[in-house]
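This briefing concerns pairing between charged side chains and the surroundings of the residues involved.

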Amino acid sequence: MKRIRIIHKTEYFYNQPVTFGPHRAMMRPREGHDAHIARARVNVEPKAEVSWLRDVYDNSIAILTFEGKSDKLSLASEVDVDLYHDALNEWPISPYARSFPFQYPPEEHIDLMVYRLPSYPYDGPILNKWLRDLYQPGQVIDTIDLLSDLNTHIYRSFKYDSRDALGVQLPNETLTRGSGTCRDFAVFMMEAARYWGFGARFVTGYIQMAEGQHGATHAWTEIYIPGAGWRGFDPTNNKLVSSEHIPVAVSREQEKASPLSGSWEGPSDAFDRMTVSVQVVEAP
């Protein structure tokens, strides 16, 4: 077990006071057998009432209801998380799913159906063409080898390029540009896995940075493998997800896993800038 501290601060600045509508914040890591929150603290400016709910994906969502006007919105979160080792080579895959292609059993198919449907069906033909280098219909291939090869192929095919704009690129845009962010690569792998029939979902969270890695705030893909359950793949860093990855939220589509979303009322030119700072360090 190791304890890490996540310090995350997001600030929006305006050139005059504006009125903030309710905001939704995703900042509390998902707890389970591999992660436990030991301490958490949230500071919000301007003053706001903070309430919590669980969304349809069982993510913890903070609802922020503000009082009065302000020329700045600041959300600061500090969380200590205990992480427990999850051995990467101990995936108890069901025998029938060790080779691809396979069929999900009926009792899992219904629950996974929504995660198997593509989010960008019109990108299917160009995505299929790109995937032919990894798999041809009629082949029988080790399931983990196939997914690991996809993870590596994305890492080697595209250049990481940070981008401040909201949203993600469509898979065809990532192919055309040859570059993207971690969120773009996570969406690309999610769509590729769905094209092959896997259940796949988007994950947003944090990563404890190592030399040569991109992240701090991070995104990756989870794919459902019978017997092993949801398993993470990080195409940005060409890694299987391990205890260095701390998930905050999962969703069928990345739009439903936005770290902070909401509205404000004021002149259209009132918004000035946004700053984000994140540290993921060993807790003292």
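A salt bridge is here a side-chain nitrogen of Lys or Arg within 4 Å of a carboxyl oxygen of Asp or Glu. The model is predicted, so that local features need pLDDT of at least 70 and side-chain atom pairs count only at pLDDT 80 or more, while totals for chains, interfaces and linings use all residues. Residues are numbered from 1 along each chain as its sequence is written, and side-chain values use heavy atoms, with hydrogens and water left out.

**Salt bridges overall**
- Across the whole structure, the search finds 16 salt bridges.
- A network of salt bridges links Arg5, Arg39, Arg41, Glu78 and Asp80.

**A pair between strands (E, at least two residues, as DSSP runs numbered from the N terminus)**
- Glutamate 78 forms a salt bridge with arginine 41, with the closest N and O atoms 3.4 Å apart, and this pair links distant parts of the chain, since glutamate 78 lies in strand S5 (residues 69-83) and arginine 41 in strand S2 (residues 35-45), 37 residues apart.
- Glutamate 78 is buried (under 20% relative accessible area, where exposed is over 50% and partly exposed in between, with a 1.4 Å probe and protein chains only) at 17%, whereas arginine 41 is partly exposed at 44%.

**A pair within a helix (H or I, at least four residues)**
- Arginine 194 and glutamate 191 form a salt bridge whose closest N and O atoms are 3.2 Å apart; the two residues are three apart in helix H5 (residues 182-195), which means that about one helical turn separates them.
- Arginine 194 is buried at 3% relative accessibility, and glutamate 191 is buried with a relative accessible area of 3%.
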